[in-house]
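Please look over the sequence and the structure shown here before reading on, and keep both at hand while the explanation moves from single contacts to the whole chain.

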Amino acid sequence: MSLELVLITGMSGSGKSVALHALEDAGFYCVDNLPPELLTPFIALQRQCQTQRVAIAMDVRSGGSLPLVPHQLEELRRDGLELRSLFLDATTDALVRRYSETRRRHPLSLDEARTGLPEQQRALIQAIELERELLAELRDGADVIDTSIIRPAQLQSYVKALISAPQSALTLVFESFAFKRGVPLDADYVFDVRMLPNPHYEPALRALTGRDQPVIDWLRGKDDVARMHDDIARFLDRWLDALAGDHRSYVTVAIGCTGGQHRSVFLVEQLARGFGARWAALKRHRELEGS
């Protein structure tokens, strides 16, 4: 059996340790902050030891050797390695808040003395934006997970679901969200369904979600909802073969409504069910507990 490698990269403070723990729970041999210079010999050693599943975390802590990684990954792919790349991202505001709460230093922070909170925050934002530039090439081609407002348990579930999806085919990720909490950074396509009839204004349906049968029945009875479903489905049918032909591994389709509870959840459930007959299809409901 060939070796399977999951490479976890992403922004500092975005949850890479949480993702690595999820993979460890799933049976991967995990290594954090492996220097890029050691990647190729490390993989050779694991093959010699007949290790089957390995997960490695790399980020800007690797410093000047980070640009080596894309070329190394291409060589490993050509050598028959089964490779998946996950990139964890978050908004700058979310990252600033996390660093402020934990009082950790960003790995790209300068060592010079800090004289006040405004200066510290400006320096932190500059470090985060520099990190985005340094990691841009690794982000391209990876499956991106936006961790800005999800809980650690949700992130662990997302990682395990992605890793369990078949690698040989394009994987569709349908994600519901609330516009009032921001558009997911990991979305390849975003559809706004806030103009559709809203179950929130039906007292008997307000506390339910788009996965509950009374809401499902109510939305199925609305012509505009059916038209929106068909329009999104036709768009994806038109372009998915081209995306797969472009060697895309994952495509994230985000569907947003006002609260992320009813309309977007319903459409994600229906679309994932329909496209799951041909493609590997995963579901995420960002605003729902335990999703």
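With which residue does D79 form a salt bridge? In this predicted model, the partner of D79 is R47, and the closest N and O atoms of the two are 2.7 Å apart. Because D79 lies in the loop between α3 and β4 (82–89) while R47 belongs to helix α2 (residues 39–48), the pair ties together parts that are 32 residues apart in sequence. R47 itself is partly exposed, with a relative accessible area of 30%.

A second salt bridge joins R61 and D32, with 3.0 Å between the closest N and O atoms. R61 sits in the loop between β3 (53–57) and α3 (68–78), whereas D32 is in strand β2 (residues 29–32), so this pair ties together parts that are 29 residues apart in sequence. Both are partly exposed: R61 has a relative accessible area of 41%, and D32 has one of 40%.

The salt bridge between E175 and R284, whose closest N and O atoms are 3.8 Å apart, links distant parts of the chain, since E175 is in strand β6 and R284 in strand β9, 109 residues apart. Here E175 and R284 are both buried. Elsewhere, salt bridges that share partners join K16, D32, D59 and R61 into one network, and the count of salt bridges comes to 20.

Taken as a whole, the protein has nine helices and nine strands. Its radius of gyration is 21 Å, close to the 19 Å that the globule rule gives for 291 residues, so the protein is as compact as a globular protein of that length. Buried residues make up 49% of the 291 residues, and among contacts between residues at least 6 apart in sequence, 80% join residues at least 24 apart.

Key
Residues are numbered from 1 along each chain as its sequence is written. This is a predicted model: local features need pLDDT of at least 70, side-chain atom pairs count only at pLDDT 80 or more; totals for chains, interfaces and linings use all residues. Side-chain values use heavy atoms; hydrogens and water are left out. Helices (H or I, at least four residues) and strands (E, at least two) are DSSP runs, numbered from the N terminus. The radius of gyration is taken over C-alpha atoms; the globule rule is 2.2 Å times the number of residues to the power 0.38. Buried means under 20% relative accessible area, exposed over 50%, partly exposed in between (1.4 Å probe, protein chains only). Contact means heavy atoms within 4.5 Å. A salt bridge is a side-chain nitrogen of Lys or Arg within 4 Å of a carboxyl oxygen of Asp or Glu.
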